[in-house]
Amino acid sequence: MAETAQTSEKIHGGVHGVLVHDSAAKHVAGSAIYIDDIPEPPGMLHVHIAMSTRPHARIRAMDLEAVRSAPGVACVLSAEDVPGINDVSPVKGDDPMFAEGLVEYAGQSTFAVAASTIDEARAAADLAKIDYEDLTPLISVDDAMEAGSFVLPDYKMTLGDSKSALNGADHRLSGRFRVGGQDHFYLEGMIALAVPGEDSDVHVYSSTQHPSEVQHNVAKVLGVPEHAVTIELRRMGGGFGGKESQPSLMAGVAALVVRKTGRAAKVRLDRDDDMIMTGKRHDFRIDYDVGFDSEGRIEGIEYVQAARCGMSADLSSAICDRAMFHADNCYFLGNATIKSHRCKTHTVSNTAFRGFGGPQGMIAMERVIDEIAFTLGKDPVEIRKLNFYGGEGRNITPYHMEVEDNVIGEIIAELEASSDYAARRAAMREYNASSRYLKKGIALTPVKFGISFTTSHLNQAGALVHVYKDGSVHLNHGGTEMGQGLFTKVAQVVAEEFQIDIAKVKITSTTTAKVPNTSATAASSGSDLNGMAAQAAARAIKTRLIEHAAEAYSVDQDQIEFLPNRVRIGNQVVSFEQLAHEAYMARVSLSSTGFYKTPKIHWDAEGARGRPFYYFAYGAAVSEVLLDTLTGENRVTRVDILHDAGKSLNPALDYGQIEGGFIQGMGWLTTEELWWNEDGHLKTHAPSTYKIPACSDRPDDFRMKIWEKGRNVENTIYRSKAIGEPPLMLAISVFAALTDAVAAAAGYKVFPNLDAPATPEALLFAVDDAKARAAEASA
């Protein structure tokens, strides 16, 4: 009986339990160590990267002699000083570390100055004399499309016969929708600290989501093998995709200074330089042509997506692919053609951002649904449910993958009821009829987001686990911590496997010296990949412990059971610490690597078909807004969210991701506007001109719930689902609600012309336009 009572106990910090972020207290106290908090080595140099002032120009001459002779300067570096390859791109070899004869955006790195202080480095850089020959810049998507300027080939996905379906449809709509980009605005800016080692070795502390990519690029720049470069970080102060490919520039420059001077070097961008120099979320221009029947069922659709990729490819191929993959969202499009143009412009190369193209493809689909509903005079939710995947022959995506885990219908039904959507929508119509200047809007939108890297070989991860002879555990893996709680979740997995309290598991810095050839912590796959790799390592050690115990205690292996902080071996019970020590004394290896690769996925790029995703994550949100039609000012007054996290590894962390993702998505679609002038200069490069959501923008009535029925049908880590990216797209409901409020301002007589972001200015213009068109229609 006593043993039965004991086995009902649970370890502290196992999976599925609520556990605070491992660094939460340090974050609040300010004691968490980021790269800029690392004590600076004696003699360390501070590095400033000089930027082009022209968006598109040839460099006729660059005179840096005055820079070299300026006070405090230790070295000045340009393209001619690179001993290896002058490139820090992730894929195509088209991102020079320093411009070489040509600049292609205002803000491109031209040279670097290393000095005793950052002020000396900046002052010296101002002495440079660069002779430019200006060339015509292409700034916008429209400019690039008109000029036929593309950084990558066009791409197309097809299912069925969209042309015939469109021609035969009862109703047909076409239009153009624009959705803006977004700056990552991570709290910790780009930073790298490089320290010299023996021979040609260099150790770089880099704020990056992709240490192996940075390692590869630094080695390429220096002209050394990758084993000569170690990349390490304990945590980032935010990443959101912006620190996936972009940190290679900062790390490469710092490492090159080390090579040239033998002294440690730090590159730390200030906020303005960071925003000007680094890539953003891609902005898109999306044309659509949709045919549907009198009930609202989509019969055929064609999309043309044009993305501003910037001056180089960066990760645009996979990003634009994912925008195409998510052009369907939750809806069956039996006859669909999706075309993608990857536009080359003379602006900063856009890059990964939470959702990785998916949000841009998805919001256009929701725009189409809203317009169909408006045309037919129906509730958009009715049209959404009518077009959901499900039913005979209605489960194939435009990229020919079968949807096998569809739960969106259940989630929508539950959220409709819990949010009282129908009654609230009816009440708002009554309110709007009697309110002259203030208008309310409401929308319910779903999310279906594919989980896996669409570049198949990236779906792998490694881990390293040590059990010391005192029973404590050292954990290392290839994932990176940027505040999302990945390290905590993976530690929970290891604690669960060994059935020990999580306090016994030591979380350690990510380093390429321990786990090689890792993939970026991105695509919402951090826990899926690294959790499974850590589980594999822990299970390898656990198997050895079981084999040892069976032999040492002369019992069958099935008579050995790991209980909370102890192990039953036949009729005996020993502590985990005792078993670990006994295994060590018996010369049993207590260290293991672990490896995982995602199963089932495959992709035929030439045929544009396959299974790019292991599974889908689902969710839905209802947002309510209040719009002042005289000023465009608005507030989100209530949000109801129901999200599928599978069997959540840690609900506390997942709620944080749901809330944070939603608010970030809300900022993207309402306040965060990137603006370049006609000369190609970004003018929104500081908090004074670029508005991210503040605490006061959070809806006062914010209701979140993790779907209790959630369970991944695929064999993921403890049947959980990815949580990093999908919640961002729940904020599409805010944009749809604002569209509804603008329609109310014109008496629901015309469908609003509203692009994203729906800033107060954009909303005011949309209201005026809708009223004018309504008046014209009534005349």
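Reader: From which domains does the lining of the second largest pocket draw at least three residues each?

Author: This is a predicted model, where local features need pLDDT of at least 70, side-chain atom pairs count only at pLDDT 80 or more, and totals for chains, interfaces and linings use all residues. Residues are numbered from 1 along each chain as its sequence is written, and side-chain values use heavy atoms, without hydrogens and water. On a 1 Å grid over the protein atoms alone, a pocket is an open set of points where a 1.4 Å probe fits, with protein on both sides within 12 Å along at least five of seven lines; lining residues have an atom within 4 Å of a point. Domain bounds come from an automatic or database assignment, and the lining draws at least three residues from each of domain 1 (24-30 + 460-597) and domain 2 (43-136 + 184-277).

Reader: Which element gives the largest share of that lining?

Author: Helices (H or I, at least four residues) and strands (E, at least two) are DSSP runs, numbered from the N terminus. Strand 7 (150-159), helix 7 (211-222) and helix 10 (316-325) each give two or more residues to the lining of the second largest pocket. The largest share, 6 residues, comes from helix 10.

Reader: What percentage of the protein's residues count as buried?

Author: Buried means under 20% relative accessible area, with a 1.4 Å probe and protein chains only. The protein has 779 residues, and the share that counts as buried is 61%.

Reader: What percentage of the contacts with a separation of 6 or more join residues 24 or more positions apart?

Author: Contact means heavy atoms within 4.5 Å. For residues 24 or more positions apart, the share of those contacts is 80%.

Note on methods: Buried < 20%, exposed > 50% of the residue type's maximum accessible area, 1.4 Å probe, protein only.
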